[in-house]
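Visitor: I have not looked at this one before. Can you take me through a few spots?
Guide: Go ahead and pick them as we go.
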Amino acid sequence: MVVHIVGLDKPGSRFLLQGNEAVARGALEGGVQVATGYPGTPSSEVIETLAEIAKDHGIYVEWSVNEKVAFDVAVGAASVGARALVTAKNAGVNWYMDMFATVVYGGLPGGLVVYAADDPGAFYSSTEQDTRPLARSVGVLILEPADQQESKEMVRLGFDYSEKFELPVFVRSVTRISHSTGDVTFGEIRRERNKVFFNRHYGLPFRYNVYGPYKYGGEVGPSAKHAWQLERLDSIKEFVEEVPLNWVEEGNVDVGVVASGIGYSYVKDALARLDSGVKLWIFKVGTPYPLPTKKLSKFLSNLREVLVVEEGDPLVEEQVRALSKDCCPEVKVLGRGSGTIRSFGELGLAQVLRAVSNLVGSKYYEPSDERRKVKAEVRKIIAPRSSMMCAGCPHLGTYWVLRFALHKTVNKYRDRFKGAWIVNGDIGCYEMGGYGLFAKEIEPSKEKVTKRVSFDNPYEILDTNYIMGGGIGVAQGQYHAGYSEGPIVAVAGDSTFFHACMPALLNATYNKAAITFLVLDNSWTAMTGHQPAPTTGVTATGSPSRVYKIEEIAKALGVDDVWVADPYDLKSAEESLLKAIDKTVNENKTTLVIFRRECALQVVRRLTREGKVITHYVVDTGRCVGCRLCVQLGCPAIGWDKNAKKAFIDPTLCVSCTLCAQVCPVKAIKPSTEEVVGVKGV
Amino acid sequence: MRYYHIMIAGVGGQGNLLLSRIIGDAALSKGLRVRLGETFGAAQRGGSVHSHVRIGKEVYGPLMLEDEADALLALEPLEGLRRGVQYLKEGGLAILNTRKVSSIDVNVGVAEYPSIEEIIESFRKLKARIVYHDFTKIAEEIGSPRLMNVVVLGVFAGIAERELPFTLEDLKTAIRGRVPQRWVELNLRAFDVGYEFSKNYIMK
Ligand SMILES: Cc1ncc(C[n+]2csc(CCOP(=O)(O)OP(=O)(O)O)c2C)c(N)n1
Ligand code: SF4
Ligand code: SF4
């Protein structure tokens, strides 16, 4: 058995940890008892790591069905005095805001650390949303680490701070920390566990019931609890003046920097590149809310100009500006809010270097004009690499079938459907169906009329795509608003189905929306790194659980017409889908087709582990007529030989799913007898 | 040494992250600070992946800047050029695996994959020192194309031996620590083969 580094009892040792692993270590050093979350890049490794060491360290760890449930479960644990951690990506924070905003009315006896991994630059997300303003609106202490070491310390300390004030503590990381790796020195693992108890009136009457008749400051019920919370927040404001997470580094000029979170690391990196005798004043912020205003006023009073460096929205900057108006109105406050640094996209080191060098008045490296020219030349030949699904991905089969079923339906009902169908997308590997191709330039259309868009690959099939569970609701709105120029379809994955689609599907049947819903059930939460889902049959910690059948749930939600199809069997899957769409457009019914086939990557990994050979298919170039149909499937193992005008298959990638062979009109694609060692299961 | 920067570029599934961690462990064993910044696309496999490897006394965040890479490990030629043009410094070292992995844009005919000659020529224009070869082929000969990343590491270690802040032995120890037990022997062999290759390679 390999033991995960994070669980090692080696205080004082240094290891390389990814930011999320450091958070897991922090939780261990903080004596976490219950940890919950829903997968979401760049946050998932916290729960994954804790799940691995859960048994050895006596921690309860779960993948919850969505972030809201994860949050509620963590609240429950802290309500009986346990130390709890809940994790989510930026988008997931939106999901639990209701409970977050409410539980602070009275707080909790157990330490509750709320860990959020934001994604500025939206590498893995629909938005670059900064979640700090959400936590601020709720009125809790926010901690923001500058690197992996601080991620660990802040989570560990977060439990203490949370228990001190009996309010959740919000720890906000960003991709460049959570998904980067750094050296981390370990501390002691906390073995002591909080006692678990329940006492309805502990500390406050009706502690755990916002409607309880708690009286305070002349108010009763929620307002009284609100007054309690604001008092706590006042104590937190005093407290942050003393915490070791905010500090000042002295300078020798009258300009300075206020740097929060990763912003601090960028400032240090920038200064390491600027050889000047100038030493800036630096105020390192570890608590972007509330800020230590006394300490900060003192800092500002020495300065003429201050640059606020933070990743995301100008949360610290606006507070500093407001503060400076009171304490030192002559100080000029610069940052993303003032336009000194671009306010969208990733903050990044390059922008910080530019802004800091302006402040210091020293030069930094920039390529010569000559070099820039060479680079521009070179860039011209670099072909883009748009995202693709894996070789043999079952979603490729589903999208093939969907594309042709939609064509056939609008042709069949030509007199009714003058315009276009709508395919509403959702979030998961299949969202790549809406990524398009980087190499294509698209002009916006100015007319407010229905237009059919033609496409010849699975990466352009989705018409709309926003958030998890969004597509099925959006489809209903399109129908009820009277869109009738083509069938209305929504797609979602299995993990997404459980996360957010069940209430929306019930809404569709109850309110009679004529839409066709496709659930792409690959048994995993694939895109975020293959966490188990209720379709997998195991829990986060690997213990067997039941396998939920979406068709059974759908029937209970009022869907009368359900088909289960195999995306590796194109012909019969298409028949099922055609029937479903037909029923929708003719009988105005909500129909469902479940495309069930395990994620190809997981299958191949399992076969590789078992030492099995994964065969491949080949194109018989004598037979291939160069029609390019198989290329349109969008499988990354299929290439196009420009000179020979024939398709070819990369044997190291092909996983023998048979899809291309089914698609080929002249049967030119066949299994190979040759054995090739591939990189398939990596 | 303030910092030493290595950019690792490739596509998903080539073992990019493993390489960055092996190098990171070797640097860590010398008491240096380490930051590894990894960026990959949404896809599980086949997408563009690159890692910033930063080691030294003065590293804080995970990002290097334009023209700051001392070395580029290009596990795939197109991805190598994509990151090389952005990050490799003048006179920097590029180890280029010439085995192409096509892209969907190329497959459906909306873009063209440059020839290996064009790619090499581009590196020359960028004033890189370049070592190129089909390292996947070497890996296949050793036993599996999956060993390509470690072959490339061996080549790099051989060429950059004198400028690296850690030894060959440190790298091998790191390999032993990072690779599953049953794969250790093959990986060490891949490393040695890469190293030997570098000693016989004449840079043009
Ligand atoms: C609110 C929210 N939580 C989490 C995520 C992260 N996320 C992206 S895709 C995905 C899961 C997809 O699983 P599934 O629907 O089964 O599709 P698959 O990737 O397996 O095809 C998740 C959880 C998100 N985008 N939004
Ligand atoms: S990880 Fe699985 S579901 Fe995702 S693209 Fe690859 S094969 Fe498809
Ligand atoms: S059989 Fe065809 S479609 Fe399936 S993985 Fe191989 S090349 Fe791709």
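Visitor: Where is Arg414(A) found?
Guide: In chain A, Arg414(A) sits in the loop between α15 (394-412) and β16 (422-424). Helices (H or I, at least four residues) and strands (E, at least two) are DSSP runs, numbered from the N terminus. This is a predicted model, where local features need pLDDT of at least 70, side-chain atom pairs count only at pLDDT 80 or more, and totals for chains, interfaces and linings use all residues. Residues are numbered from 1 along each chain as its sequence is written, chains are lettered from A and ligands numbered from 1 in the order in which they are written, and side-chain values use heavy atoms, with hydrogens and water left out.

Visitor: Is Arg414(A) buried or exposed?
Guide: Arg414(A) counts as exposed because its relative accessibility is 59%. Buried means under 20% relative accessible area, exposed over 50%, partly exposed in between (1.4 Å probe, protein chains only).

Visitor: How far apart are Arg414(A) and Gly486(A) in space?
Guide: They are 9.6 Å apart, C-alpha to C-alpha, and 72 residues apart in sequence.

Visitor: Switching to chain B, how many residues of α6(B) are buried?
Guide: 12 of its 13 residues are buried, including Met148(B), Phe156(B) and Ala160(B).

Visitor: And how do the axes of α6(B) and α7 (residues 168-178) of chain B cross?
Guide: The axes come within 11 Å and cross at roughly 165°. Axes are lines fitted to C-alpha atoms, for helices over the stretch in contact, and angles run from 0 to 180 degrees between N-to-C directions.
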